[in-house]
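The tour moves from one selection to the next.

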Amino acid sequence: MGHVHVIRILHTTFGIFGNVFGILLFLAPMITFKRIIMKRSTEKFSGVPYLMSLFNCLFSAWYGLPFVSPNNTLLTVLASIGGALEAIYVLIFLIFAPKKEKFKISGILFLVLSIFSIVALVSVLKLHGDKRKLLCGLAFAITCIMMFGAPLTVMRQVIKSKSVEYMPFFLSLSIFNSSTSWAIYGLLGKDLFIIVPNSIGSLLACVQLILYAIYRDSKKKLDVEMEGSIETGLEKPQIEMQKNMETYTL
């Protein structure tokens, strides 16, 4: 009994850690969206990761409900907060995105809400017990993997451009901390639907941090090249403008 009690305490503790790191994860894009609002442009930022996060939040909140998955209320708490923030991010993105991108994001958003509504209704009206948990758990796990996989396009852009400008460090760090905490939470609760996607998320976030470490150093080389270009006739105002653009990676 003592062993079981300790496991329960650890389970709750890592759930709380997951909530803290998760909230930090959902708050991390605020820096990006402050930039978008100030520039009144989404630039090269992708809205897909935020849509995938919203998609995941919907299913996470649903999966954590007591009538679907017992003892996962902490998951619902985090997902509810995250869902509200992600909805705001998507709205801001829709406001400042180019027309073509607005149509794309609107279409994906409609698809996301439709799929969630269908799964939620089927799970309530047609399924019970383990079958309900299985359907909602699979939906939750799949959307988790999609959310963690969404930055793969950004990672490809980082490798191609050798720049981390569009892959914020604190976002990657928050993903690593949050997914690792939830993976341990799932392990303690013996819930494969939580363990598997968050383990994948932790691995992908680790790769992002490695990429950041590699290409963050390349910025220093660029600074040296820019300083040296003074001798080749590059005007100082132009150099200063390039440096100002680079400060966004800090």
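Is phenylalanine 59 buried or exposed? At 1% relative accessibility, phenylalanine 59 counts as buried. The cut-offs are under 20% relative accessible area for buried, over 50% for exposed and partly exposed in between, with a 1.4 Å probe and protein chains only.

Before going further, note that this is a predicted model, in which local features need pLDDT of at least 70, side-chain atom pairs count only at pLDDT 80 or more, and totals for chains, interfaces and linings use all residues. Residues are numbered from 1 along each chain as its sequence is written, and side-chain values use heavy atoms, with hydrogens and water left out.

**Stop 1: around phenylalanine 59**

Stay on phenylalanine 59, which sits in helix 3. Show its neighbours: Ile115, Phe116, Val119, Ala139, Phe140 and Thr143 touch it, leaving aside residues up to four places away in sequence. Contact here means heavy atoms within 4.5 Å. Now pick cysteine 144, 85 residues from phenylalanine 59 along the chain. The two C-alpha atoms are 8.9 Å apart.

**Stop 2: helix 3 against helix 5**

Select residues 48–63 for helix 3 and residues 99–125 for helix 5. Their axes lie 10 Å apart, and the packing angle is about 10 degrees. That makes helix 3 roughly parallel to helix 5, a label for angles under 35 degrees. Axes are lines fitted to C-alpha atoms, for helices over the stretch in contact, and angles run from 0 to 180 degrees between N-to-C directions.

Show the side chains next. Helix 3 brings Val48, Leu51, Met52, Leu54, Phe55, Leu58, Phe59 and Trp62 to the contact. Residues from helix 5 include Lys104, Ile108, Val112, Phe116, Val119 and Ser123. By class, the contact has 18 nonpolar, one polar and one charged residues. Nonpolar covers Ala, Val, Leu, Ile, Met, Phe, Trp, Tyr, Cys and Pro; charged covers Asp, Glu, Lys and Arg; the others, Gly among them, are polar.

**Stop 3: two loops**

Go to asparagine 71, in the loop between helix 3 and helix 4 (73–96). Its phi is positive, about 70 degrees, although the residue is not a glycine. Asparagine 71 is exposed, with a relative accessible area of 65%.

Then jump to lysine 190, in the loop between helix 8 (169–188) and helix 9 (192–228). Lysine 190 is not a glycine, yet it has a positive phi of about 55 degrees. What is its relative accessible area? The value is 76%, and lysine 190 is exposed.

**Stop 4: leucine 152**

Select leucine 152 in helix 7 (residues 152–161). Leucine 152 counts as partly exposed, at 43% relative accessibility. Proline 49 is 103 residues away in sequence, but 9.7 Å away in space, C-alpha to C-alpha.

**Stop 5: the annotated spans**

An unreviewed UniProt entry annotates several spans as "transmembrane region", among them 108–128 and 194–215. Such annotations may be inferred rather than shown by experiment. Colour 108–128: the span is 86% helix and 0% strand, with its end C-alpha atoms 30 Å apart. Residues 194–215 are 100% helix, and their end C-alpha atoms lie 32 Å apart.

**Last stop: the whole chain**

Zoom out. The chain has ten helices and zero strands. Helices (H or I, at least four residues) and strands (E, at least two) are DSSP runs, numbered from the N terminus. Of the 250 residues, 43% count as buried. Among contacts between residues at least 6 apart in sequence, 76% join residues at least 24 apart.

Conventions:
Angles under 35 degrees count as roughly parallel, over 145 as roughly antiparallel, 65 to 115 as roughly perpendicular and the rest as oblique.
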